[in-house]
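The sequence and the structure are shown first.

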Amino acid sequence: MASHNALLSGIDLQCYENNHAHRTEEMDVERLVVRRGQPFSVVLQCTEHIPQHQDHQLNLILHLGKNNEVVLKVSDSEQDHGKWWFSQRNAQGEVMLTLHSPADALVGLYSMTVVLLSADGQILEQTKPQTFYLLFNPWCKDDSVYLPSEELLQEYILNENGILYQGSWDDITTVPWNFGQFEKDVVDICFEVLDNSPTALKNSEMDIANRGSPVYVSRTITAMVNANDDRGVVSGRWDGEYSDGVAPTRWTGSVPILRRWSEDGGQKVRYGQCWVFTGVACTVLRCLGIPTRCITNYSSAHDTDANISVDYLFNDQLESVSEGRKDSIWNYHCWVESWMKRDDLPEGYNGWQVLDPTPQERSDGVFCCGPCPVRAVKEGEVGLKYDTPFVFSEVNADLIVWIVHPDGERIQVSQNSKVIGRNISTKSVSGDFREDITANYKYPEGSMKEREVYKKAGRQVGQKNKVPGQLELFIKHAPAVHGTDFDVIIEVYNAGREDTDAQLTVTSNAITYNSIHRAECQRKTTSLTVPAHKEVLRLQYDHYGACVSEHHMIRVTALLQPTDQDNIILQETNIPLKMPVLHIKIIGKAIVSRKLTAHISFNNPLPASLQGGVFTVEGAGLTEAKEIKTQYVLILEIMQSTGKIEPGQAVTVKFSFKPTRAGLRKLLVDFDSDRLRDVKGEATIIVRTKICAYPLWK
C-alpha cells in the first residue's frame, strides 16, 4: 500500500436515518438494516478534503457470506442496469456516498470497505470493514416481492401481533401470537437459520448465489422451521408426551423459540405443532421482507397416498381397520402464504403462494411444502411446482367411507365432496377479525366448476348408484364446556312409510386437532325400530377428563346399520370443549421504560384440582417471555403456597414489566397445568414515548 498521509478516518452508516427510511427502525437503530432496490447513504469521514482529480478514485468493496463467497466491486457510475453503484457528494471533511442496490440483489449480511485508489488502480488506503443487512423490499416495484398496497404491507410485513385460528369449522376460536420480527437480534437469527440449511452447509456458494430469489429463500425457510431433516428450529410432536421440552400449547410467540434455538447452537426446540411452525415461519419471512400471512384450513385433509381422496376404513364395530399410514382429516391445519412473483412458472401464477412448514410429507426428499401458487390449487393445475397435488387434497379431497366386513369385503358407505376444506381463514388487515378466503382456493363446493376442477386434478368423480335409503342420521350438541357434563343427541329419522329395524353404534373419542385418537371415552350400541328415533349420549367429565388431549377435542361417531338394507350411514362430529378465559388488567400509564403491572386472573372451571400451573407472559416491545409458577399465587385474596388450585377457586397473578418500544402493543398470557392446558388471554396496550418536562424559564 502506498505511503501517504491518511485521508480516510471512518464511516458513519447513519443507521437511524437509513433504517427509518427503509422501515427497519423498529428492528435496530444502532446497526444498518436496509432493503434492496432502495438507495441508502453513508458518510465517509476524512481528515482533509479529498482532491478532486484523476489521481484519486473511491471504490467500495462488498463481501457477502461467511467465507466471502460473493465479492462485489462497486464503482461511482451506473455502468450496467441491475448492478450495485454509488454516487458521491463532497463536503468539508466528509463525503456523502449514496449506494444503489439492484432490486434482485442477494439478501444477507454484507461487509463494506471503502478504498481509495490511485490513478493506476493501486490501493492507497481503505477503511475498516463495516457491516449491514440487506433485506427483500416489498415497497420496491422491481422487487419480486413487491406488494402495491401500503395497507397490506402494514399488516404482512410490519405487524408484530397476529391471530391464529383454531377450533373447528363451525366453532372457530382465536389464539393471539407474538411474531416479534423486530425484536432484538431476531434478524441475525433469521439469517442464521438460512446459514444452517443443508444446502448452505454443503455448498455455500450455491446457497448464497440463490438468495436473491424469494422462491428459494421461502422454500428453504419452510424446510428449516421444522427439524426433521436438518438443523431446523422446531421438533414436532403430537403424542402428548412433552416432559423433555415445552408443550406446543405453551408457546405464545416465535421469539423465545428462535432465541432458544440460536443460544443452543442450532439444537432443535421441543416441541411444536402446525400453528407453532406457522407462527415461526411467518416471523422469519416477514423479518426477511417477504409479505406473509397465516392461514387456517378447517377439515384439512392429509392424503398419504396422493389419490386426492381421504379413505376411512371401519369395521362394523366402528373400529378403524386402515393399515399402514392412514389418511386423516385434521380438525384444522395452519400454514402460511407469502406474496411473490413466480418467474419460474408460466404466466398467471404470481401472488399468494402456500408454504407449509409442518412436516407431513417429503418434497424432493425433504419435509417441506411450497411455494405453491394458490391460483394453481383453485384451478386444479396439480402439475405445477411445488407440491400442488398435496395442497389441492388438503382443501378439496373427497371423503370416502368404507365398511370392512369380517370376510374382508369392503363396502363404500359414502362419498362426500363437501366435508374437506372449510372456512379457510386469515386475520383481516382491517383489524382483529377473521377474513374468509375459501374462494381463493376452490370453487363453491358441489358446483359444476368445482367438480370439473376435481376431475382435472386427476380423480374421477364417483357417483353412487344406490337408491337413497329411507333413514337419515344427525348428530347435535349444545356448546360443551370443559369440566362439565353435556349431552350429545343422535337423531334418526325414517322418511319411509314403514318402520325399519336398525342397529345404532355411537362412540366418543378424545382426539387431537390432527385426528390422532388418544382414547375412547364412551361407547353405546342400541337396537331400535325406527319410525323416528332420538338417542341421547351423556358425556360426563368422568368419561373424558382423564383422557382428553391438550386440544380439548371430542369426536362423536355414529354408525347406523339397517338390518334389511344396504344403506349404511356413518356420521361424525368434532366437539371442541370451551375453555376459560384469562382476564388481564393493566395498572399504570404505559410509557417507555416506566413500570407497569399486570393483574392476571381466572377461575378453575374443573371439578378437580389443578397442579403444576405455569403462566407464560410475553409481548413484542413490552417484555421478553417469562414464566410465573403458581407456587405462590393469590387465591381469593389469600396467599397460598401449595401450588394447588382447587375447583372453582379464583387465581390472581401480579406481573411487572417495563415497555421498551412505543406503539400499539399486545401482552399475551398462557396458562398450563396438569389437567388444563392452553388457556389464553391478551391485553392491548398503547405505549407512549417518554414524557420529558422542560422548565419554561431558567
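How many helices and how many strands are there in the protein? In this predicted model, the protein has 13 helices and 44 strands. The C-alpha trace spans about 110 × 65 × 40 Å along its principal axes, and of the 698 residues in the protein, 57% are buried. Among the contacts with a separation of 6 or more, 67% are made by residues 24 or more positions apart.

| Space | Volume | Lining residues by class |
|---|---|---|
| Second largest pocket | About 670 Å³ | eight nonpolar, 12 polar, nine charged |
| Largest cavity | About 70 Å³ | four nonpolar, two polar, four charged |

The second largest pocket has a lining of 29 residues, and those that lie nearest its centre are Lys 326, Asp 327, Ser 328, Ser 515 and His 517. Two or more residues of this lining come from each of the strands β16 (309-314), β17 (328-340), β29 (500-511), β30 (517-530) and β32 (553-562), and β16 gives the most, with four residues.

The structure holds one cavity of 30 Å³ or more. The largest cavity is lined by Glu 155, Tyr 156, Gly 162, Ile 163, Phe 179, Arg 286, Arg 293, Cys 294, Thr 426 and Lys 427. At least two residues of the lining are supplied by each of α2 (150-156), β11 (161-168), β15 (292-302) and β24 (422-427).

Asp 670 lies in strand β43, which covers residues 663-672. Is Asp 670 buried or exposed? Because its relative accessibility is 0%, Asp 670 counts as buried. The side chain of Asp 670 is joined to that of Lys 680 by a polar contact of 2.8 Å. Leaving aside neighbours within four places in sequence, Asp 670 is in contact with Thr 249, Arg 250, Thr 252, Leu 582, Val 614, Phe 615, Thr 616, Asp 678, Val 679 and Lys 680.

**Helix α7 and its surroundings**

Which residues of helix α7 (residues 255-263) are buried? They are Val 255, Pro 256, Ile 257, Leu 258, Arg 259 and Trp 261. These buried residues pack against the helices α3 (186-195) and α8 (274-288), and also against the strands β13 (234-236), β14 (269-272), β37 (614-619) and β38 (623-629). After α7 comes Gly 265, whose phi is positive, near 70°.

**Cysteines without disulfides**

The count of disulfides comes to zero, a disulfide being defined here as a pair of cysteine sulfur atoms within 2.5 Å.

How values were computed: Residues numbered from 1 in each chain as written. Predicted model: local features only at pLDDT ≥ 70, side-chain atom pairs only at ≥ 80, totals over all residues. Heavy atoms only, no water. 1 Å grid on protein atoms, 1.4 Å probe; cavity = no way out; pocket = protein on both sides within 12 Å on 5 of 7 lines; lining within 4 Å. Points joined across faces, edges and corners; volume = space filled by probe spheres on them. Nonpolar A, V, L, I, M, F, W, Y, C, P; charged D, E, K, R; others polar. Buried < 20%, exposed > 50% of the residue type's maximum accessible area, 1.4 Å probe, protein only. Polar contact = N/O pair within 3.5 Å; in protein donor to acceptor, adjacent residues only side chain to side chain. Contact = heavy atoms within 4.5 Å.
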